[in-house]
Amino acid sequence: MTALISSIVLGIIGLVGLAFLINKLPKKFHIIVIAGLLALIGFFSYKLVNSIAAPVKFEKVKEERYKKVITQLIHLRTAENAHKTITGKYTNDINRLSKFIDTAKFALVQRRDSSVADEVKNKRFGLNPKSGGYYKEIVITDTLGYKSVKDSLFSKVNIATLLDYDFKNAEGEKIDAPGKISLETGTFYDDENPISVFEAIAKKEDILFDQPERLVAQELRTKAVEGVTGEVIVVGSLSEVTTSGNWPRQYALNEK
């Protein structure tokens, strides 16, 4: 912005100078000076319009890409949670996670209350253990069947590509973005109890690789309630037990 203001000030000085000069020159040179004036006016008009349009375009591109990446991170978190529910831990291997989602099944269970003879108490009071007068309440879990994890949660999601950026330009052509989303797993100890944790990170500089450097630098320093603070978009953590993301609510429209 400072450079733009300086350019405009210099342009105004130049225009004033040309306007003063035109009165000092013979009429046959007036057309040349006027052409120069028009060229300067056109140049600085372009710079002014571009200075306004560039941030608007940047915000549009940023919002579209952030929403896409955050949707991927939400799907990744759901897949990791399903993996941990069934296997007891997270995985940092996207191919293994994809294969798991394709083949794993959730048990469909039904819980019901019931009562049975309290054999210990009946024996204590000299009663028939099986048919004495004391009973206790229990919960019986019945397995009704199994349902595919993929059909339940990921019927339209390709888990194997969740770490890859999938951006397109205004013409709908795929853009080859550098880097990819990183996925790590680890163990966090809570009072000596080992807990499986995971963390997935998308770098803003990779997501916005083809945008103006000045605007990207500003975005990397963002600290706002309605923005994604910091240099990365992240879900989960290796240093605490959490599966939360660092994005604000408006980006998580697909979050359950």
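The following exercises, each with a worked solution, concern the predicted model shown above.

Residues are numbered from 1 along each chain as its sequence is written, and side-chain values use heavy atoms, with hydrogens and water left out. Local features need pLDDT of at least 70 and side-chain atom pairs count only at pLDDT 80 or more, while totals for chains, interfaces and linings use all residues.

**Exercise 1. Chain layout**

State how many helices and strands the chain has, and in what order the elements run.

Solution. Helices (H or I, at least four residues) and strands (E, at least two) are taken as DSSP runs, numbered from the N terminus. On this basis the chain has 7 helices and 7 strands. From the N terminus the order is α-α-α-β-α-β-α-β-β-β-β-α-α-β. Next, consider contacts, meaning heavy atoms within 4.5 Å. Among contacts between residues at least 6 apart in sequence, 60% join residues at least 24 apart.

**Exercise 2. The largest nonpolar core**

Identify the residues that touch the most other members of the largest nonpolar core, and the elements that supply the core.

Solution. A nonpolar core is a set of buried Ala, Val, Leu, Ile, Met, Phe, Trp, Tyr and Cys residues joined through side-chain atoms within 4.5 Å. Buried means under 20% relative accessible area, exposed over 50%, and partly exposed in between (1.4 Å probe, protein chains only). The largest core has 39 residues, of which Val69, Ile159, Ile207, Ile233 and Trp247 touch the most other members. At least two core residues come from each of α2 (30–87), α3 (94–103), β6 (193–203), α7 (213–220) and β7 (232–236). The greatest contribution, 9 residues, is that of α2. Finally, take Val69: beyond its neighbours within four places in sequence, Val69 contacts Tyr165, Phe167, Ile181, Ala202, Ile207 and Ile233.

**Exercise 3. Arg77**

Determine whether Arg77 is buried or exposed, and which backbone oxygen lies 2.7 Å from a polar atom of its side chain.

Solution. Arg77 is placed in helix α2. Its relative accessible area is 8%, so Arg77 is buried. The backbone oxygen in question belongs to Thr243.

**Exercise 4. Salt bridges**

Describe how Glu64 pairs with Lys60, Lys130 with Glu119, and Glu219 with Lys204.

Solution. Side chains of opposite charge can pair when their charged atoms come close. A salt bridge places a side-chain nitrogen of Lys or Arg within 4 Å of a carboxyl oxygen of Asp or Glu. The structure holds 11 such bridges.

1. Glu64 and Lys60 form a salt bridge, with their closest N and O atoms 2.8 Å apart. Because the two residues are 4 apart in helix α2, about one helical turn separates Glu64 and Lys60. Glu64 is partly exposed at 46% relative accessible area, whereas Lys60 is exposed at 53%.
2. The side chains of Lys130 and Glu119 meet in a salt bridge at 2.9 Å, N to O. This pair links distant parts of the chain, with Lys130 in the loop between α4 and β2 and Glu119 in helix α4, 11 residues apart. Lys130 is exposed, with a relative accessible area of 60%, and Glu119 is partly exposed, with 32%.
3. In the salt bridge of Glu219 with Lys204, the closest N and O atoms are 3.1 Å apart. Glu219 lies in helix α7 and Lys204 in helix α6 (residues 204–207), 15 residues apart. Both Glu219 and Lys204 are buried. Salt bridges that share partners join Glu59, Lys62, Glu63, Lys204 and Glu219 into one network.

How values were computed:
Polar contact = N/O pair within 3.5 Å; in protein donor to acceptor, adjacent residues only side chain to side chain.
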